[in-house]
Amino acid sequence: MKEEPRDNYLASGHNACPGCGVSIAVRLILRASGNNVVVVSPTGCLETFTSPYGMSAWEVPWVHSLFENAPAVASGIRAALDYQGNKDTQVMVIGGDGATYDIGLGSLSGMLERNQNILYICYDNEAYMNTGIQRSSATPLGASTTTTPATASSYGEKLQKKDMIGIANSHNIEYVATATIAYPQDLMRKIKTGLSVNGAAYLHMLTPCPLGWGFESDETIAMSRLSVQTGFFPLVEYENGELIRVKKIIDLKPVNNYLRAQRRFKHLTTDENQDIKDKVCQVVRRNIKKYGLQENSNNDY
Amino acid sequence: MIKNKSSESKTLQGSIAIAETICSLEPGVIGAYPITPQTHIVEHLAKLTEEGLLKGKYIIADSEFSAASILFGAAAAGVRSYSASSSQGLLLMTEVIFNMAGTRLPGVFSAVNRSLSPPINIQVDHQDSMTLRDSGVIQLYVENIQEAVDTHIQIYKVAEDPEVLLPAMVCMDGWIISHAYEPVTLWQKELVQDFVGTFDPPYKVDPLKPLTYGALADDDKITEFKCMTDQALRKSADKITETAEQFRDLFGNYYGGLVEKYKTEDAEIVFVAMGSIVATLKVAIDMLRKKGRKVGLLKIRSFRPFPVNAIKEVLRETNLAIVIDRSFSNSAGGILGTEIKASLYGSNKPFVINYIAGIGGREIYPQTAFDMLKEADEMLEKGKIPSEAIFYNLNMQMMGG
């Protein structure tokens with residue numbers, strides 16, 4: 001009797017928080033990649049909740065070295081597999097926004113520039129969640145974190161989120177895209193596309209965090225969907241630096257719906273912070289315009 | 001002994017001799033990043049790659065940190081790897097080298113020794129590699145170009161041994177070894193590969209047999225993991241000794257295993273040193289012997305693993321050890337001197353005088369040894385041996401004193 005192929009290479013029973021967006025994402029990633037793959041992860045939430053000694057949740061080869069070197073470790077593995085003549089085994093990095101945007105950006109830039117056949121996936125929960133919700137350069141404007149706290153006299157993160165898509169594209173790589181867990185078919189298709197290109201690819205994935213963002217653990221998917229429907233997180237795809245596909249929003253939701261639903265933005269809904277909220281809305285409006293996100297928009301890609 | 005006909009002897013720059021030797025060892029992955037005075041090695045490896053003589057993947061890194069991380073990945077995938085660095089580059093690699101040792105992933109580095117900033121200085125001392133001493137890396141210090149060549153061959157065999165599996169460094173003095181030209185024998189590739197064998201680790205990244213690398217361990221397990229790394233490094237001591245002897249039998253060259261004893265049998269005073277100054281000191285010892293002084297030299301070839309027993313065996317028979325350090329730990333003294341003293345704990349012989357000298361390329365001549373010996377004679381006569389290390393020949397005017 002033919003055995004059915006397994007489709008879950010992240011074993012249950014790991015230590016992720018209830019409602020963790022990352023664990024959902026990784027299940028989908030591995031379902032799309034299959035098991036002829038090596039995963040490299042930097043230090044972070046994913047590393048911590050999947051790898052207590054003797055209780056690894058990984059059913060594919062998984063390598064963790066340090067916080068800021070996963071792309072270079074992946075380069076070494078890819079080079080070694082190539083040297084051995086193994087072109088079939090894929091190499092993926094799955095790392096958080098702290099590792100991607102901040103401490104490992106140099107290493108990532110080197111990897112993308114070298115254009116070896118590696119898929120880099122950033123799981124972006126928009127702060128250092130593993131160490132207790134400190135801001136990263138992926139934290140959006142206005143969000144309250146433990147190092148950018150909203151208090152009676154402050155409104156949270158003062159800087160704009162860094163443009164990782166722009167950074168990735170500036171390395172002249174073949175494929176750059178965004179995805180999020182509320183759209184699993186889209187996410188898995190993008191993983192497959194990222195793995196199919198002959199060179200480096202970058203996939204940016206929003207993974208809502210109940211603990212860090214401040215919402216109930218059964219709302220993770222809803223929050224992921226809302227990030228797209230409000231224009232906060234556009235789903236886009238680039239090929240060789242050209243925007244080739246955008247997920248249009250049929251029914252654009254008010255930004256307020258997203259802000260009100262999360263504790264990190266709650267302070268923005270008061271009158272005193274109206275100007276900051278306006279700036280946040282500007283970011284969203286820019287996204288809508290830049291990518292032509294609205295269904296009836298004239299920008300057609 | 002083979003002294004094979006097809007192995008060739010010619011006059012080469014140290015860096016070129018090392019690059020040619022690495023080519024004969026055929027690493028599958030090289031992580032390359034420039035820094036003075038190591039740069040000629042990675043340049044020559046690039047040339048050998050472009051000429052098709054080096055089959056491995058030559059990966060240009062974005063930093064020394066990434067270069068070392070590329071070796072981590074290559075070793076995890078079961079492939080022989082190589083990198084070279086100096087000074088600040090070695091410090092930037094430090095976090096990765098600890099990580100390779102703890103994950104038991106071997107890879108070989110040429111540490112072309114150079115001073116650390118500030119002040120910025122590109123000349124030799126040992127502060128860079130010595131700062132890595134607690135990482136679990138194997139460190140062999142060499143005296144000249146031929147020893148550097150031969151030690152690279154030996155160290156792969158040690159590092160990749162299934163009972164060892166640790167990162168390893170050949171520490172060779174910048175300029176004096178890396179840029180000097182000496183007649184050197186480069187060994188035929190087949191001989192080298194036969195000697196070293198293939199890298200066949202018991203574990204590697206394999207989708208058919210998925211393993212987890214770099215797991216999290218709490219207080220209930222971490223000490224045991226750390227202790228296993230310590231044991232592996234201790235185990236490498238036997239392998240270094242055996243490998244040096246096997247190398248002698250096959251290739252004819254021998255520099256000692258963990259240490260080399262030079263005229264120590266009847267010596268009353270023994271100099272202790274590492275690296276290229278050993279060659280200078282041998283000349284000084286010969287000159288002193290001609291004058292009837294009973295002096296000898298203990299060359300520390302293996303700083304990690306630290307050869308406690310060999311040190312005890314030699315130094316306990318002497319009255320005085322003069323340890324010359326090209327590195328120090330601020331407020332604690334010379335690093336080698338401190339460890340020599342620790343290994344002699346409990347024995348009432350010898351006295352130990354620890355000089356910090358040769359920092360940032362300051363020359364050490366035979367005369368330096370004569371001067372140190374004269375100073376030591378006076379100290380012995382007065383019965384006043386300083387317990388603290390002495391910065392040799394400081395410019396007191398510059399020190400404000």
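This is a predicted model: local features need pLDDT of at least 70, side-chain atom pairs count only at pLDDT 80 or more; totals for chains, interfaces and linings use all residues.

Reader: How many helices and strands does chain B have?

Author: Chain B has twelve helices and 18 strands.

Reader: What does the radius of gyration say about chain B?

Author: The idea is to compare the value with that of a compact globule. For 401 residues such a globule would have a radius of gyration near 21 Å, and chain B, with 21 Å, agrees. Along the principal axes, the C-alpha trace of chain B spans about 70 × 55 × 45 Å. Of the 401 residues in chain B, 54% are buried. Among contacts between residues at least 6 apart in sequence, 80% join residues at least 24 apart in chain B.

Reader: Which order do the strands of the six-stranded open sheet follow?

Author: In general, strands of a sheet pair through backbone hydrogen bonds, either parallel or antiparallel. Here the order is 10-12-11-14-17-18 in chain B, and the pairing is mixed. Strand 10 and strand 18 (390–391) of chain B have a single partner strand each, so they stand at the edges and one side of each is left without a neighbour in the sheet. Strand 11 and strand 14 of chain B run parallel and are joined by four bridges. Opposite Phe271(B) stands Ile322(B), in strand 14 of chain B.

Reader: Which strands of the sheet does helix 9 of chain B touch?

Author: Helix 9 of chain B packs on the sheet and touches strand 10, strand 11, strand 12 and strand 14 of chain B. The direction of helix 9 makes about 165 degrees with that of strand 12 of chain B. Helix 12 (residues 366–382) of chain B also packs on the sheet, touching strand 11, strand 14 and strand 17 (351–356) of chain B. Its direction makes about 135 degrees with that of strand 14 of chain B.

Reader: Is Arg289(B) buried or partly exposed?

Author: One counts C-beta neighbours; a residue is buried if 20 or more lie within 10 Å. Arg289(B) has 14 inside 10 Å, and therefore counts as partly exposed. Arg289(B) lies in helix 9 (residues 277–290) of chain B. Leaving aside neighbours within four places in sequence, Arg289(B) is in contact with Lys263(B) and Val295(B).

Reader: Where do the buried residues of helix 10 of chain B fall when seen down its axis?

Author: The buried residues of helix 10 (residues 308–315) of chain B are Ala310(B), Ile311(B), Val314(B) and Leu315(B). Seen down the helix axis, they fall within an arc of 110 degrees, so they line one face of helix 10 of chain B. Among the elements they pack against are strand 12 (295–300) and helix 11 (335–343) of chain B.

Reader: How many residues of chain B are in contact with chain A?

Author: The size of an interface is often given as the accessible area lost when the parts come together. Counted by contacts instead, 34 residues of chain B meet 37 residues of chain A. Helix 3 of chain B gives the largest share of the side of chain B that touches chain A, nine residues. By class, that side of chain B has 20 nonpolar, nine polar and five charged residues.

Reader: Which strands pair between chain A and chain B?

Author: Strand 2 (residues 62–64) of chain A and strand 9 of chain B run parallel and are joined by two bridges. The bridge partner of Trp62(A) in strand 9 of chain B is Thr212(B).

Conventions: Residues are numbered from 1 along each chain as its sequence is written. Chains are lettered from A and ligands numbered from 1 in the order in which they are written. Two residues are in contact if their C-beta atoms, placed from the backbone, lie within 7 Å. Ala, Val, Leu, Ile, Met, Phe, Trp, Tyr, Cys and Pro count as nonpolar, Asp, Glu, Lys and Arg as charged, and the others, Gly among them, as polar. Two strands pair if DSSP finds at least two bridges between them. The radius of gyration is taken over C-alpha atoms; the globule rule is 2.2 Å times the number of residues to the power 0.38. A residue is buried if 20 or more other C-beta atoms lie within 10 Å of its own, exposed if 12 or fewer, and partly exposed in between; C-beta atoms are placed from the backbone. The arc is that of the directions from the helix axis to the C-beta atoms. Axes are lines fitted to C-alpha atoms, for helices over the stretch in contact, and angles run from 0 to 180 degrees between N-to-C directions.
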